[in-house]
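Hi,

Here is the structure I promised to pass on.

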Amino acid sequence: MTDLRDRVRGADPAADGGPGQDRGEQAARRTRRNRRRSSSLRLRLVVVFALVALTAAVSASGIAYWLNREAVLTRTQDAALGDFQQEMQNRAGVLPPSPTEDELQHTAGLMADSGQHFSVLLLAEDEHGRQLVGDSDLDSFTLGDVPRTLRDAVNERQPVGSHNAYPYHMYWQRIVVHDTPYLVGGAKVIGGGPTGYMLKSLEPEAKDLDSLAWSLGIATALALVGAALLAQAAATTVLKPVHRLGVAARRLGEGKLDTRLRVSGTDELAELSRTFNRTAEALEKRVADMSARDEASRRFVADMSHELRTPLTAITAVTEVLEEELDAETGGIDPMIEPAVRLVVSETRRLNDLVENLMEVTRFDAGTARLVLDDVDIADQITACIDARAWLDAVELDAERGIVARLDPRRLDVILANLIGNALKHGGSPVRVSVRTERRPLAEHAGGAAGYDGAQQDGSLPHGAAAGDGTGAALSAEDLVIAVRDHGPGIPQAVLPHVFDRFYKASASRPRSDGSGLGLSIALENAHIHGGGITASNAPEGGAVFTLRLPRYTVPPEEREAHGQDGDPAEREAQGPDDDAQADTEGGGR
């Protein structure tokens, strides 16, 4: 077995973590904040309102634009084609069967002078079969501007019947030339007259439609802004009661059970507020009843412990005399009753430890336990604890000399005695105790220094959390970590959440043991009063591991008063120093 003193190494400053870890923690917190902002109810309400308004505005604007476009174009088209058809009948229809080019040119000019301002192209054949062209604007409108399909449709002769009175009809088509829209129409004079085509620019109508589109776009944008403002107002109206409910729920969670909501109206939110008030009232009554029963139980335990102390002191004195007679081997004790005497001595000692532990527990429950801080060399403190209990041959210590922490040495001794004794009793030797320091982010420390609300299920405490009774706070950004590991079978998973419970036994078949069942609970309370905690787990290679985590520099109450975190001075003045804590090596039982 490796000797304890051979395992204590020289001082070597080492600290885990560093600026990189702090930056990583800050980035993670920023990510969480951004995620909360992006998933907030207010933002979702505004986005939904804006999307609905945008969809409705775009749909209405699109429909309005399409209807106005068709109406404008149809009106312009009908007027131009009607005028062109009338001019073809009145002017082109009176031309001779074989007109001259000058006659076509003159007629086309007259037709173009109508109120619709379109260009005209007239085609005819002279007596020799040559094609003649007359154009009101020869440079800008030619036969090449007329689509081939339109020319074919105009010149196609259709059979005359009951459903078709004329062999030729007027046709039209919209075209775009150099980004300018045009209307092209064509008709043929029935009875051998010329063929005419018209070209009307739709640019004024296109500009009107563009102006309409811009107006609708601006209206859509204004509607979107109005919808966002309306959504913001609606969200504020709807979320204000929800926000008040959230604040009230947080206050209720902080222990302010007299929190109530102001109820107005008869809607669903008002009914929710009434339900919250009824729930808070019932919870306040239930907690008050439980607190009264718990206070009565604590008072009973405290009174019983104090009442037992007087007769127990006398019994202890008698058993010490009997034990001296047994050790003296002078024959003063009858050998027949010697086993009974030894049993009385053992049970008296066990009863005395139980009473002392009960008194220690009542001090924690009443919030009167106080710290007596000192600078302690951790390796020396652990060595002294193990040496005082004759555990040197059963414990291996892996700790660097020179690791100094500011804490209560007596309470640290109680914690170590319980953890190491529990490991030796239930896990067997060798028990390995390792010591290290760990850095943690300052923001994490600052968030936990305000107060501690209670132990987690496994007995742990968030880094930097302070004791809930106002006796100490962790203002250091460095933790002292002490791990106690045994080589036994480990702790069953069903037992792990209960190892720090008072009087808990892992097996009903072992209801009685040498300890009181309060050791691990007292160890945990001593860790909490320092602003730390203890966790229990199983090592992958076997055996149980209890990890004690304490702030390396615990700040006493008188220094915390300067930070506005002090407790009630009158209460501290009325509370005297507590008695010596007793180390119970039984713990919660495994």
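This is a predicted model: local features need pLDDT of at least 70, side-chain atom pairs count only at pLDDT 80 or more; totals for chains, interfaces and linings use all residues.

Aromatic pairs first: the count comes to two. In one of them, the ring centres of Phe 84 and Phe 118 are 6.1 Å apart with the planes at 85°, so this pair is edge-to-face. Phe 84 belongs to helix 3 (residues 41-90), while Phe 118 is in the loop between helix 4 (101-112) and strand 2 (119-125), so the pair ties together parts that are 34 residues apart in sequence. Phe 84 is buried, at a relative accessible area of 0%, and Phe 118 is buried too, at 3%.

Then there's Phe 500 with Phe 546: centres 6.2 Å apart and planes at 80°, so again edge-to-face. Phe 500 sits in the loop between strand 12 (478-485) and helix 12 (519-529) and Phe 546 in strand 14 (residues 544-551), so parts 46 residues apart in sequence are tied together by this pair. Both Phe 500 and Phe 546 are buried.

Finally, the helices. Helix 7 (residues 268-328) and helix 8 (residues 338-366) have axes that come within 8 Å and cross at roughly 150°. The cut-off for roughly antiparallel is over 145 degrees, so helix 7 counts as roughly antiparallel to helix 8. The crossing of helix 7 past helix 8 is left-handed. Their contact has 15 nonpolar, seven polar and eight charged residues.

Cheers

Technical notes: Residues are numbered from 1 along each chain as its sequence is written. Side-chain values use heavy atoms; hydrogens and water are left out. Rings of Phe, Tyr and Trp (its six-membered ring) pair if their centres lie within 6.5 Å; planes under 30 degrees apart count as stacked, over 60 as edge-to-face and the rest as tilted. Helices (H or I, at least four residues) and strands (E, at least two) are DSSP runs, numbered from the N terminus. Buried means under 20% relative accessible area, exposed over 50%, partly exposed in between (1.4 Å probe, protein chains only). Axes are lines fitted to C-alpha atoms, for helices over the stretch in contact, and angles run from 0 to 180 degrees between N-to-C directions. Angles under 35 degrees count as roughly parallel, over 145 as roughly antiparallel, 65 to 115 as roughly perpendicular and the rest as oblique. A crossing is left-handed if the near helix is turned anticlockwise from the far one by less than a right angle, and right-handed if clockwise. Ala, Val, Leu, Ile, Met, Phe, Trp, Tyr, Cys and Pro count as nonpolar, Asp, Glu, Lys and Arg as charged, and the others, Gly among them, as polar.
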